[in-house]
Amino acid sequence: MIVTRKLAAILVADIVGYSRLAGADEDRILARLRALRSDLIDPSISVHNGRVVKRTGDGVLVEFRSVVDAVRCGIEMQNGLVERNAGLPDDRRIQFRIGIHLGDVVEEADGDLMGDGVNIAARLEGISKPGAIALSEDAYRQVRGRIEFAVSDLGLKELKNIAEPLRVYSLEVGVPAEARPAPLESPPQKSGPPRGSIVVLPFASLGGGEEQEQFVDGVTESLTTDLSKLANIVVVARNTAFTYRGKPVEAKQVGRELNVRYILEGSIQRGAGRMRINTQLIDATTGNHIWADRFDKPMADLFDMQDEIVSRLANQLRGELIAAEAERAEHEPNPDSLDYFFRGVAAFNKGRLENVERAKELFEKAVELNPAHVDAIVGVARAEVLFALYRVNERAARLASAEAQLLKGLSIDPRNHWAHLWLGYVQVMTNRAQRGIGEFERALNLNRNIGVAHAWTGLAKIMLGRAEETEAHITEAFRISPIDGVTFLWKYIDGLAKLYLGADEEAVELFRESIDASRNFPLNHFHNAAALALLGRQSEAEAEARAGLAIAPEFTLAGFRVTAESDNPVFLAQRERVIEGMRKAGVPEG
């Protein structure tokens, strides 16, 4: 039987005194319970992305991807019961006890869940007050400061068949939380629109009929949806944006009316068998144009074109918005966690280890100010991964640190696609390539626009001895995001696959294209040196080896052997040939 172990938020709910209620009038209580399931319980679970694992006669066990979703669902269920119990005598009221825990569970092939995560949630339900929600300490930590209701610390509790006592908190649904006193020295409030706030105005349809109008609306709606999935980006709802359809707009006025920093507008025109899309990003506070682009493509299936256009735009806009916010953050006199995060991204994107060092410091400062800032936690992990690649003697410790950070981030937000992406990369680098591919798939399920997830899947295939499959993944990465800050990396992976397959001429072409796009990535130079040496182009190979060592002087063949762990015999044989090429080019043994 295939089982999967994972971290999950578990909610267990049960009706208080069900036997008494059923004994008094079983037919009536069963009818009310059926109505509750269809009108309250199931819709609440669905809205908050839950999965019903099992139902008992009067209860339910539900899995959620985050504690926040589980708690919101529990609150909605308890509030809904209060409304339905209004006017009923006490002996006819239906009340829930609810327990929520974040913990390790085992998922069996049929979808059933077992393990301590489930057992603890069930025991918490048993000690919950009617109408309240009992939270384990692990669950409460994820929602602390985000709950508008009173929470009581019940202290350490002995739970049946649970080895260690657990601290339990009771969320009193309907009881407002006490106002917190302001700190003695409150930090200055940020003025102006929220950072990363944007409205996607309805694109203009230039010519064309009803079909093109539908296509244009589809692009606007899909782009709004995809941008809303990005962390640290605030997107105005589609219905609000569409009130500006067909109206002349002035950027500053729209910015004031919607309280946004950025406006995306565009137009779509079809003619002579081609589709032309013009887009521009505007700073709503100044009216200045930040970025503009044009797509000019042969006509194809409109829905396929819509997906491709939206993916490309979403990827480019994320980079442009982060760059714009980083520029603002550099001049912020009182930086907060988000300011430090944006600064860290800007430093990281400059390449070279000294910039990565600075980026890590900025990400750590962001986490210090906000321990739940998952993107900043992922930023720290990204820096550790880069150090592992370049500082071979620190590799094991750096990758272990990165994995710990990523698991910490996923415990806070299991739906963070960047955390899944980088966890997959760490797994690929530590002889767990197949598991890494699974994490890349999870990242893509959460955000379909991550081109690098496809590229890294191609890298994983090389390490599994299936380099012939890599090109298809690289092609998909470029389809999704042809203009991306890391496309040099995709060319490098494509070249790597060709080199491992013995297609050295093709490998040299791809490495050269990658080096032209980014000269600060040393592995490009070392692998190009290997390909050139294997082709007998000795002087060129030696020049590439020197270029790589100028960037990463600590690089050696001994260190390279451990930078990509794999026990696949096909991969190992292919790598020995590459190492021999590097040796011929003059890369030191170590």
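Helices (H or I, at least four residues) and strands (E, at least two) are DSSP runs, numbered from the N terminus. Residues are numbered from 1 along each chain as its sequence is written. This is a predicted model: local features need pLDDT of at least 70, side-chain atom pairs count only at pLDDT 80 or more, totals for chains, interfaces and linings use all residues, and side-chain values use heavy atoms, with hydrogens and water left out.

**Stop 1: confidence**

Colour by pLDDT, the predictor's confidence in each residue, from 0 to 100. The protein averages 84. At least 70 is reached by 91% of the residues. Now select residues 179-189. Here pLDDT stays under 50. The model has two contacts (heavy atoms within 4.5 Å) for this stretch beyond four places in sequence. Where pLDDT is low, the predicted coordinates should not be read in detail.

**Stop 2: two asparagines in loops**

Select N49. Its place is the loop between α2 (26-47) and β2 (51-55). Phi is positive at N49, about 60°, although the residue is not a glycine. Most residues other than glycine have a negative phi. For accessibility, buried means under 20% relative accessible area, exposed over 50%, and partly exposed in between (1.4 Å probe, protein chains only). N49 counts as partly exposed because its relative accessibility is 41%.

Go on to N161, in the loop between β7 (149-157) and β8. N161 also has a positive phi, about 65°, and is not a glycine. Is N161 buried or exposed? N161 is exposed, with a relative accessible area of 67%.

**Stop 3: into strand β8**

Select S170. It lies in β8, residues 166-176. S170 has a relative accessible area of 3%, so it is buried. Show its side chain. A polar contact is a pair of N or O atoms within 3.5 Å; within protein, one must be able to donate a hydrogen and the other to accept it, and residues adjacent in sequence count only if both atoms are side-chain atoms. The side chain of S170 makes such a contact with the side chain of E172, at 2.8 Å. Which residues does S170 touch, not counting those up to four places away in sequence? They are K129, A132, I133, A150, V151, S152 and L154.

**Stop 4: a glycine in a loop**

Select G115, in the loop between β5 (113-114) and α4 (116-127). At 27% relative accessibility, G115 is partly exposed.

**Stop 5**

On a 1 Å grid over the protein atoms alone, a pocket is an open set of points where a 1.4 Å probe fits, with protein on both sides within 12 Å along at least five of seven lines; lining residues have an atom within 4 Å of a point. Grid points are joined across faces, edges and corners, and a volume is the space filled by probe spheres set on the points.

The second largest pocket holds about 1,000 Å³ of space. Select K6, L7, H420, E439 and R442, which are the closest to its centre among the 31 lining residues. Next, show the elements that each give two or more residues to the lining: β1 (4-15), β3 (59-64), β4 (96-107), α13 (395-412), α14 (417-429) and α15 (433-446). Which element gives the most? It is α15, with seven residues. The lining divides into 10 nonpolar, eight polar and 13 charged residues. Here Ala, Val, Leu, Ile, Met, Phe, Trp, Tyr, Cys and Pro count as nonpolar, Asp, Glu, Lys and Arg as charged, and the others, Gly among them, as polar.

**Stop 6: buried helix residues**

Stay on α15 and select I437. At 7% relative accessibility, I437 counts as buried. Setting aside residues up to four places away in sequence, I437 touches T457, A460, K461 and L464.

Move to H473, in helix α17 (residues 470-480). H473 is buried at 18% relative accessibility. Beyond four places in sequence, H473 is in contact with H454, A455, T457, G458 and K461.

Then pick D494 in helix α18 (residues 487-500). D494 is buried, with a relative accessible area of 10%. Its contacts, neighbours within four places aside, are E471, I474 and L510.

**Stop 7: strand β13**

Finish at R276, in β13 (residues 274-283). R276 is partly exposed, at 33% relative accessibility. Outside four places in sequence, R276 touches S267, I268, Q269, R294, F295 and D296.
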